[in-house]
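Open the model in your viewer and keep the selection tool at hand. The stops below run from the whole chain to a single residue.

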Amino acid sequence: MFRFLPFTFVFLFFFGCFEYEETILFRKQSSGTVEIAYTVPLKKDSNDSLIKFLPTSKEEILTSIKKKSNNNLQVRDFTFRELEKSETTDMYFKRKGKVSYKLDFEDPLHLEGVLLGTFSIKSKPRTLLIKRDFLNLTDSTIAEAGAGEKKIISETSRLLREGRIQFKVLFPKDSECSSNRGFIGLGNLTYQIPLQETLENPESKTWEYKIRFF
């Protein structure tokens, strides 16, 4: 669902155009829930998203998820609403929609190919090893974009000032967690990607964390 080509992934990082929050709850090593919420620009004459990999309808989300074989993920608590004019000051994208939904999983391997960026996971006795990779904007990715995509990149890049993408991981409080990025608290891990850094740092970001269950 969210295994992006580089130029598509880049759209997600422009302040004023996009917001993304993702929370993974590991109830135990083999099950949990992912809660996803994002704000995307809408087409002028419909409620369709301008970012094709982040749809605004439950049916499109389900179709995208099912393209990944061997997963039994189901969308629940889906909501969509168009933002009021008072909620946005974006001069380029007049219409925006906010989407939120949850995915319950019985095997964390089913999240591979579904979440933002590249998500991979290894399971060991009482331990999960998770790796996330996030691509950045480079001259070559702009060259690969289509005419419409280049226009969006050009317009939204001028709006980039401050902002972040928020990730949160929740797990039992008696578990142990280690991570190469983010902040670890009691039963939680948070990581925020600064949007401006995605333009200034040409290297992809790798986020790795380990959870040990007791």
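Among contacts in the protein between residues at least 6 apart in sequence, what percentage join residues at least 24 apart? The share is 66%, where a contact means heavy atoms within 4.5 Å.

This is a predicted model, in which local features need pLDDT of at least 70 and side-chain atom pairs count only at pLDDT 80 or more, while totals for chains, interfaces and linings use all residues. Residues are numbered from 1 along each chain as its sequence is written, and side-chain values use heavy atoms, with hydrogens and water left out.

Show the cartoon for the protein: 5 helices and 11 strands (DSSP runs numbered from the N terminus, helices being H or I of at least four residues and strands E of at least two). Of the 214 residues, 44% are buried (under 20% relative accessible area; exposed is over 50% and partly exposed in between, with a 1.4 Å probe and protein chains only).

Next, select Lys122, Lys124, Arg126, Lys131, Lys210 and Arg212, which form a positive surface patch (residues with over 30% relative accessible area and no salt bridge, like charges being joined within 9 Å; a salt bridge is a side-chain nitrogen of Lys or Arg within 4 Å of a carboxyl oxygen of Asp or Glu). Strand 5 (118-124) and strand 11 (205-212) each give two or more residues to the patch.

Zoom in on Lys122, in strand 5. Lys122 counts as exposed because its relative accessible area is 60%.

Finish at Thr127, in strand 6 (residues 127-134). Thr127 is buried because its relative accessibility is 11%. Leaving out residues up to four places away in sequence, Thr127 touches Gln29, Lys122, Lys210, Ile211 and Arg212.

Notes. Patch = residues over 30% accessible without salt bridge, like charges linked within 9 Å, V, L, I, M, F, W, Y side chains within 5 Å. Areas by Shrake-Rupley, 256 points an atom, 1.4 Å probe, with all protein chains shown as cover. Lys, Arg positive; Asp, Glu negative; His and termini not counted. Charge placed at Lys NZ, Arg CZ, Asp CG, Glu CD.
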